[in-house]
Amino acid sequence: MSDAIFAQGLTKAYDGKTVVDHLDLTVKSGTVFGLLGANGAGKSTTIECMLGTKQADTGTVRLLGQAPEKHRRQLFQRIGVQFQEGNYHPEIKVSELCEETASLYRSPADWRKLCQQFGIGGKCGAAVKSLSGGERQRLFIVLALLPRPGLVFLDEFLDELTTGLDAKARRGVWKALGSLKEQGLTIFLTSHFMDEVEALCDEICILKKGTPVFRGTVAQAKATSGCERFEDAYLRLSDEEVDA
């Protein structure tokens with residue numbers, strides 16, 4: 001299995017404060033990888049440096065075998081990115097935003113099918129501003145999947161994605177993401193929802209102050225920490241239970 005993400009010695013500092021500290025990270029293709037940590041642990045900065053939207057101070061990054069700073073245009077067609085919010089006209093409809101985004105790619109996916117898959121098929125004629133927080137997050141995932149990517153970054157999407165959904169709807173989202181993984185998609189996510197991380201992730205990395213304090217599977221995290229519940233294991237390994 002090849003590496004979808006390879007990062008070595010990734011470092012980023014702001015005003016003399018190191019946010020990401022010589023991070024080494026590899027993610028196998030066709031897996032779901034979770035980058036975890038408290039707010040300020042360096043998760044978003046790590047993603048931004050890997051994508052090349054922020055310049056790392058040191059380190060090497062390869063996404064799908066290419067350097068993002070040299071092959072930005074090619075990778076744009078191969079990588080999906082979902083952020084918390086997007087810049088769009090407040091009155092734009094879901095269908096209009098999907099069609100506008102799809103026009104950026106050479107061979108976009110069928111956005112109607114994706115909307116159905118993620119449970120917002122009935123909202124295509126609605127204004128984006130009228131969607132609930134969870135519906136907007138699912139829409140942003142649809143937009144990230146439009147290029148038919150080999151790799152998608154979902155930045156803290158779970159924190160809003162399933163808020164207010166019943167158990168059946170939540171599992172529907174999990175199933176949709178699992179189906180995409182089975183088709184070969186690599187999913188890189190950050191989240192504070194440990195039950196969903198446990199359900200989705202093949203492997204995780206826990207950051208503290210920009211440095212990995214654990215790397216492995218959820219089962220290995222529980223075994224290492226001596227905790228039966230993954231949330232307790234995460235808190236112990238990240239030292240959040242001490243810092244709280």
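**Figure 1. Surroundings of Ile204.** Ile204 touches Phe33, Gly34, Leu36, Val197, Phe214, Arg215, Gly216, Val218, Ala221 and Phe230, leaving aside residues up to four places away in sequence; contact means heavy atoms within 4.5 Å. The model is predicted: local features need pLDDT of at least 70, side-chain atom pairs count only at pLDDT 80 or more, and totals for chains, interfaces and linings use all residues. Residues are numbered from 1 along each chain as its sequence is written, and side-chain values use heavy atoms, with hydrogens and water left out.

**Figure 2. The nonpolar cores.** The largest nonpolar core has 49 residues, and Leu139, Ile204 and Phe230 touch the most other members. Helix H5 (residues 133–145) gives this core its largest share, seven residues. Another core, of 27 residues, lies apart from it and has Leu25, Cys49, Leu64 and Cys205 among its members. A nonpolar core is a set of buried Ala, Val, Leu, Ile, Met, Phe, Trp, Tyr and Cys residues joined through side-chain atoms within 4.5 Å. Buried means under 20% relative accessible area, exposed over 50%, and partly exposed in between (1.4 Å probe, protein chains only). Helices (H or I, at least four residues) and strands (E, at least two) are DSSP runs, numbered from the N terminus.

Figure 3. Helix H1 (residues 43–51) is largely enclosed by the rest of the structure, because seven of its nine residues are buried. The buried residues are Lys43, Thr45, Thr46, Ile47, Cys49, Met50 and Leu51. Cys49 is also among the members of the 27-residue core. Just after H1, Gly52 has a positive phi of about 90°.

Figure 4. With a relative accessibility of 31%, Asp21 counts as partly exposed; His22, at 53%, counts as exposed. Asp21 touches Leu10, Thr11, Gly210 and Thr211, again leaving aside residues up to four places away in sequence. Between Asp21 and Ala56 there are 11 Å from C-alpha to C-alpha, with the two residues 35 apart in sequence. The phi of His22 is near 50°, a positive value in a residue other than glycine. Most residues other than glycine have a negative phi.

**Figure 5. Leu64 in a loop.** Leu64 lies in the loop between strand E4 (58–63) and helix H2 (72–76). The phi of Leu64 is positive, about 55°, although the residue is not a glycine. At 17% relative accessibility, Leu64 counts as buried.

**Figure 6. The chain that holds these sites.** The secondary structure comes to 11 helices and nine strands. For 244 residues a compact globule would have a radius of gyration near 18 Å, and the chain agrees with this at 18 Å; the radius is taken over C-alpha atoms, and the globule rule is 2.2 Å times the number of residues to the power 0.38. The C-alpha trace spans about 50 × 45 × 35 Å along its principal axes. Buried residues make up 48% of the 244. Among contacts with a separation of 6 or more, 68% join residues 24 or more positions apart.
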